[in-house]
Amino acid sequence: MISKIYIDGLRSLSLFEHDFGPGITVVHGPNGCGKTSILESVHLLAQGFSFRAHDLKEMISWNGSELIVRGTFEDAGRTTSRAVRVGKRSCDVRENGESLKSVSSLFGNMPAVIMQPSDIELLRGAPEVRRRWLDEILCFRSQANASVLKRYRRVLQQRNQWLRQYKREGGATGGEELFAVLTEQLVDLGAKLWAARLSLSKEISPVITGYYRRLSGGVDEITCAYKSSILKELDALDGAEFLDDQELDKVSMVADKSVAYIASDSGESDDGSVDENALREAYRRKLSGLEFAEKIQGITLSGPHKDDLGICIGASEMRSCGSQGQCRCSAVAMRFAAVDVATRYLNKPILLLDDIFAELDVKRRDAVASLIREKACQVIIATPQLEELPFRADAEIQIGHKV
C-alpha cells in the first residue's frame, strides 16, 4: 500500500502532500481540481507509467518547468520510497535513494489497477487496447514476460525497418541473411509470447465471465477467447498456406497443456520444461507464406502484435453488438481479473477508481462495491459527488477549488 505522497507541478497540483491509510480513501471536489491527477501520480509511482499521458512531459503544469512526485510504500513491514522528477529535457527516477535507468524500472513490485470511464474502450476499441491490457497483466505473472515483450517489440521494429527499406529500394541493409536472422528471432520470441498469452487467457477467461455474471445479475453471459493469427483459419487473400487439421490440433494441444507463462529465457515454466515447437513451427510456416506480401507492403503481417482477446455475448463480439451497460460491466470484470492476477503473483494491488460509479446503475454499483470489499485492497476513489458512492469511506481528501 502507499502510505504517503508528495506532488508538485503536476497538472493542476502544487505542493500537495497526503498520508494514506489502509481501506478506502475518497478524493472529492469539483471537476478540474486535480482528483484524477492524484490517482495518476499514485499509478506512476506504482506502475512506472501514466494511464493518461503517453509522454510524462504532458503531465507538467502548463506554466511549469518540471514535476516532482514522491511516495512511500509499505509492504509486509518493509518501507520503499520512490521519487520521479520530470523536466522538459530530462527524467530522474529513484528508489530508496538509488538512481534507476528509467521510470519503467518501477514496474513489477507495487502493482496498481485503474478503473475509469474510458475503460469502455477495452470493449469498443481496437485490438491494440486489449493487447496492451493483456500484456500489462502478463507482466504481473513474471518479470521475464516483460523481457520477452521488450525483445519481441525490438526485433519486430528491426524487421519492419528492413521490410520498409526493401519496399522502397528493392533491397535492404544486411541483405536476405539479416532478414532470415530477424525472422528466426521473431519466430522464437513470438512462440514464447504466444505461449504466455495463451496460458494467461486460459487462466483469466473464466474469471472475467464469472465477474460479469455477478455484475450483470446473471441476466446474460459472455465468453472470452484469445484470437491468434496462427490459431484461426487464414484469410484467403493473405497469401499464406493454410494450416491443416493435424497442425491445428498440435497447436491446440500445446494451449490445453497450459503452455505457461515464461519463467526464463529458455521458455521453462514453474512446473517443468515447456515444448513450444508447435507454436514456433506454425509461426515459421505462416511467415514463410507471407514473405512475398510483406516485402511488397513493407511490414510484418502476422504475429502476436496482430492478435486480439475476443469478448463475445452470444455469438457476436461485444465491440460491435454490446450495449453500453454490457460493455461497462465487461470492462469492470476485466479490471477485477487484473486485480486477481496481481494478487496471486505479486501483491494485493492498489485499486484506483476514477469516477466510475456515475456510469453504473444502482444494482451494478452495489455489485462493484461488494467486490471491492471482498478484495480488501487499498482503494483510492476520485469522485465529484460523495452521494454517488455505494459505501462509506475510511478517509476523505477534499480538494476545494478549481486551479
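A278 is buried, with a relative accessible area of 13%. Buried means under 20% relative accessible area, exposed means over 50%, and partly exposed lies in between (1.4 Å probe, protein chains only). The model is predicted: local features need pLDDT of at least 70, side-chain atom pairs count only at pLDDT 80 or more, and totals for chains, interfaces and linings use all residues. Residues are numbered from 1 along each chain as its sequence is written, and side-chain values use heavy atoms, with hydrogens and water left out.

A278 sits in helix α7 (residues 277–297). Helices (H or I, at least four residues) and strands (E, at least two) are DSSP runs, numbered from the N terminus. A278 and A191 are 87 residues apart in sequence. In space, their C-alpha atoms are 8.6 Å apart.

**The sheet**

An open sheet is built from 6 strands in the order β2-β1-β4-β5-β6-β7, with antiparallel pairing. β2 (16–19) and β7 are the edge strands; each has a single partner strand, so one side of each lacks a neighbour in the sheet. Strands of a sheet pair through backbone hydrogen bonds, either parallel or antiparallel. Here, two strands pair if DSSP finds at least two bridges between them.

Strand β5 (residues 78–87) and strand β6 (residues 91–95) run antiparallel and are joined by 5 bridges. The hairpin from β5 to β6 passes through 3 residues. β6 also pairs with strand β7 (residues 98–99), in the antiparallel sense, over 2 bridges. That hairpin has 2 residues between the strands, and N96 takes a positive phi near 50 degrees.

Some bridge partners are listed here.

| Residue | Bridge partner | Strand of partner |
|---|---|---|
| A83 | R94 | β6 |
| V84 | V93 | β6 |
| R94 | S99 | β7 |

The axes of helix α3 (residues 127–141) and helix α5 (residues 175–216) come within 10 Å and cross at roughly 95 degrees. That makes α3 roughly perpendicular to α5. Axes are lines fitted to C-alpha atoms, for helices over the stretch in contact, and angles run from 0 to 180 degrees between N-to-C directions. Angles under 35 degrees count as roughly parallel, over 145 as roughly antiparallel, 65 to 115 as roughly perpendicular and the rest as oblique.

Contact means heavy atoms within 4.5 Å. On the α3 side, the contact residues include W133, L134 and R141. On the α5 side, they include L193, R197 and I208. By class, this contact of α3 with α5 has 9 nonpolar, 1 polar and 5 charged residues. Ala, Val, Leu, Ile, Met, Phe, Trp, Tyr, Cys and Pro count as nonpolar, Asp, Glu, Lys and Arg as charged, and the others, Gly among them, as polar.
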